[in-house]
Amino acid sequence: VSDSLFLKTMMARFNYDTANVHVIYNGTDFSSIEPAIPSHKQKIVLFLSNQINKQKGVYHFIQLSKNLKPEFPDVRFLWVGQSELLGDTFETRGYVREAQELQEIFRSSYLLLLPSLWPEPMSYSVIQAMAHGKPVVAYDIGANSEAIVHGKTGLLATWGDIDQLTS
């Protein structure tokens with residue numbers, strides 16, 4: 001369920017006039033973002049999470065990297081936000097606090113992978129990736145379908161379908 005539909009459903013339960021309910025989405029400061037010109041450098045699939053949490057889809061990220069690494073050995077799967085859990089098919093980088101450093105990570109990435117299994121509200125990661133001109137691959141849950149136009153600004157996979165997310 002999208003954020004706006006969820007909100008209107010909840011408000012209707014309490015007898016509010018849903019015609020007066022409007023969703024104000026998260027935003028980002030576009031003046032500090034410089035979209036990168038695509039290059040033929042190594043492709044980086046970016047995953048952001050400072051938690052090793054099933055609901056954030058970390059194990060789906062790990063499985064996806066295992067599925068794709070043999071076929072695409074030159075693609076880097078980069079998990080930014082933690083450095084405790086290590087793997088053979090992905091790299092990790094600790095939490096990034098500096099805005100310029102995070103922008104450089106977005107600029108150097110090929111796409112953002114958001115395998116979250118819980119209904120993400122309007123994700124800052126999605127907004128920032130798109131502001132940098134990067135497509136987003138995510139599960140169709142929460143507000144993802146409100147931000148990602150399937151086939152244009154990214155791809156949406158059926159919730160929890162790791163094979164579809166991988167393809």
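Analyst: Start with one term: a residue counts as buried when its relative accessible area is under 20%. Keep in mind that this is a predicted model.

Now take Trp79. Its relative accessibility is 0%, so Trp79 counts as buried.

How are the rings arranged? A pair of aromatic rings is described by two things, the distance of the centres and the angle of the planes. The count for this model comes to 5 aromatic pairs. One of them joins Phe61 and Phe90.

Phe90 has another partner, Trp79. Here the centres lie 6.0 Å apart and the planes are at 45 degrees, a tilted pair. Trp79 belongs to strand S2 and Phe90 to the loop between S2 and S3, so this pair ties together parts that are 11 residues apart in sequence.

With 13% relative accessibility, Val75 counts as buried. Which residues does Val75 touch, beyond its neighbours within four places in sequence? They are Lys43, Val45 and Lys69. As for Lys41, its C-alpha atom is 10.0 Å from that of Val75, though the two are 34 residues apart along the chain.

Val45 leads on to the strands. The bridge partner of Val45 in S4 is Leu111. S1 and S4 pair in the parallel sense, over 2 bridges. S4 also pairs with S5, again in the parallel sense, over 3 bridges. There, Leu113 has Val137 of S5 as its bridge partner. Between these two strands the chain passes through H4, and this β-α-β crossover is right-handed.

What covers S4? In a regular strand the side chains alternate between the two faces of the sheet. Leu111 and Leu113 lie on one side of S4, Leu112 and Leu114 on the other, and all are buried. Both faces are covered.

Finally, look at H4 itself. Helix H4 spans residues 124–131. Its buried residues are Ser125, Val126, Ile127, Ala129 and Ala131. What do they pack against? The list is strand S1 (44–48), helix H3 (99–108), strand S4 (111–114), strand S5 (136–139) and helix H5 (144–147). At the start of H4, a side-chain oxygen of Ser123 comes to within 3.2 Å of the backbone nitrogen of Ser125. Just after the helix, Gly133 has a positive phi of about 80 degrees.

Conventions: Residues are numbered from 1 along each chain as its sequence is written. This is a predicted model: local features need pLDDT of at least 70, side-chain atom pairs count only at pLDDT 80 or more; totals for chains, interfaces and linings use all residues. Side-chain values use heavy atoms; hydrogens and water are left out. Buried means under 20% relative accessible area, exposed over 50%, partly exposed in between (1.4 Å probe, protein chains only). Contact means heavy atoms within 4.5 Å. Helices (H or I, at least four residues) and strands (E, at least two) are DSSP runs, numbered from the N terminus. A polar contact is a pair of N or O atoms within 3.5 Å; within protein, one must be able to donate a hydrogen and the other to accept it, and residues adjacent in sequence count only if both atoms are side-chain atoms. Two strands pair if DSSP finds at least two bridges between them. A crossover is right-handed if, with the strands pointing away from the viewer, the path from the first strand over the helix to the second runs clockwise. Rings of Phe, Tyr and Trp (its six-membered ring) pair if their centres lie within 6.5 Å; planes under 30 degrees apart count as stacked, over 60 as edge-to-face and the rest as tilted.
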